Amino acid sequence: MKAFKDRVAVVTGAASGIGRAMTERFAAEGMKVVLADVEAEALSKAEQELQDQGAATLSVVTDVSKGDQVEALAEKTLDAFGAVHIVCNNAGVASGGISWSQPLEDWEWVIGVNLWGVIHGVRTFVPILLDQKTEGHVVNTASMAGLLSGPFATIYNVTKHGVVTLSESLYQELRLQNAPVTVSVLCPGFVKTNILDSDRNRPEQLQAPESPGDEAAQAMREGFRVFIDQGMPPAQVAEKVFGAVRDEQFYIFPHPEFLAPLKTRMEDILAQRNPTMMQFDPSALTGTKNSDS
């Protein structure tokens, strides 16, 4: 996609973090920006700040785990601006714990937002993009957790792996149709966001009791918090997203330090070796071979 001015971008999870940064980057190109988020107060603040910068905006409180709410988001976008050109299925939450003991509420909440949110976004917006018969772009936010599998983040990993394969399939389907719509999958590492505090937006009916292994999971969570607090600023990720949309680049890897453990995982698979345990080093994230590999 080369033309951006006066075109329309829809971003979910737009009230904070990467989503917020993407709306600012698109607005800087003169785009009209639709902000969607479940957190109403933060969403209103984000919209007002963009408007103060001169951007044309629309905000829509949206729970992306609900298909009808994503459809309503699309309808309101078309009513306000008449078209949509970039769709960023970005909303995400996280929980941690031991895979066999995490309560069903955790599975339902995280899968609902992280995976079903992208599914609803694709099912709702891709037909609109195709019907317009003009260039369009879909950005699905996954994670390096969609390509690597670490402990105590099983549900998150499952959702992000799902987003990666959904995006790869979508890319190929659109190519087979010679469609003017392209796709990117965003796979960041540690970004300075409030993802570890996403429980603040957890629905009441999906609140979960403490489960066995919570102490270990909490220790892991606090360890990850150190990396996130030192993580890449969201604006840098948004810049890479914009470049990928402009250049029609599919894989977006803002953190090249994760490519070494990714290579190790791929080599493990091809050699049919047991999975390598990952080690997280703030200066260089690498994989260390296990003794039986």
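The sulfur of Cys187 lies 14 Å from the closest cysteine sulfur, the one in Cys88, and that is too far for a bond. Keep in mind that you are looking at a predicted model. Let's start with the cysteines and then turn to the charged side chains.

**Cysteines**
- A disulfide is a covalent bond between the sulfur atoms of two cysteines.
- How many disulfides does a search of the whole structure find? The count is zero.
- Cys187 is buried, at 0% relative accessibility.
- Cys88 is buried too, with a relative accessible area of 1%.

**Salt bridges**
- Searching the whole structure turns up 11 salt bridges.
- One of them joins Arg25 to Glu239, with the closest N and O atoms 2.7 Å apart. This pair links distant parts of the chain, since Arg25 sits in helix 1 (residues 17-28) and Glu239 in helix 7 (residues 234-247), 214 residues apart.
- Arg25 is buried at 16% relative accessibility, whereas Glu239 is partly exposed at 39%.
- Asp106 and Arg202 also meet in a salt bridge, at 2.4 Å from N to O. Here Asp106 belongs to helix 4 (residues 104-132), while Arg202 is in the loop between strand 6 (181-186) and helix 6 (214-229).
- Asp106 is buried, with a relative accessible area of 8%, and Arg202 is buried as well, with 10%.

**A negative surface patch**
- Which residues form the negative surface patch? They are Asp68, Glu71, Glu75 and Asp79.
- Asp68 is found in helix 3 (residues 67-81).
- Asp68 counts as exposed because its relative accessible area is 55%, above the 50% cut-off.

Note on methods. Residues are numbered from 1 along each chain as its sequence is written. This is a predicted model: local features need pLDDT of at least 70, side-chain atom pairs count only at pLDDT 80 or more; totals for chains, interfaces and linings use all residues. Side-chain values use heavy atoms; hydrogens and water are left out. Patches are made of residues with over 30% relative accessible area and no salt bridge: like charges are joined within 9 Å, nonpolar side chains (Val, Leu, Ile, Met, Phe, Trp, Tyr) within 5 Å. Accessible areas come from the Shrake-Rupley method with a 1.4 Å probe; for residues, only the protein chains shown count as cover. A salt bridge is a side-chain nitrogen of Lys or Arg within 4 Å of a carboxyl oxygen of Asp or Glu. Lys and Arg count as positive and Asp and Glu as negative; His and the chain ends are not counted. The place of a charge is taken as NZ of Lys, CZ of Arg, CG of Asp or CD of Glu. Helices (H or I, at least four residues) and strands (E, at least two) are DSSP runs, numbered from the N terminus. Buried means under 20% relative accessible area, exposed over 50%, partly exposed in between (1.4 Å probe, protein chains only). A disulfide is a pair of cysteine sulfur atoms within 2.5 Å.
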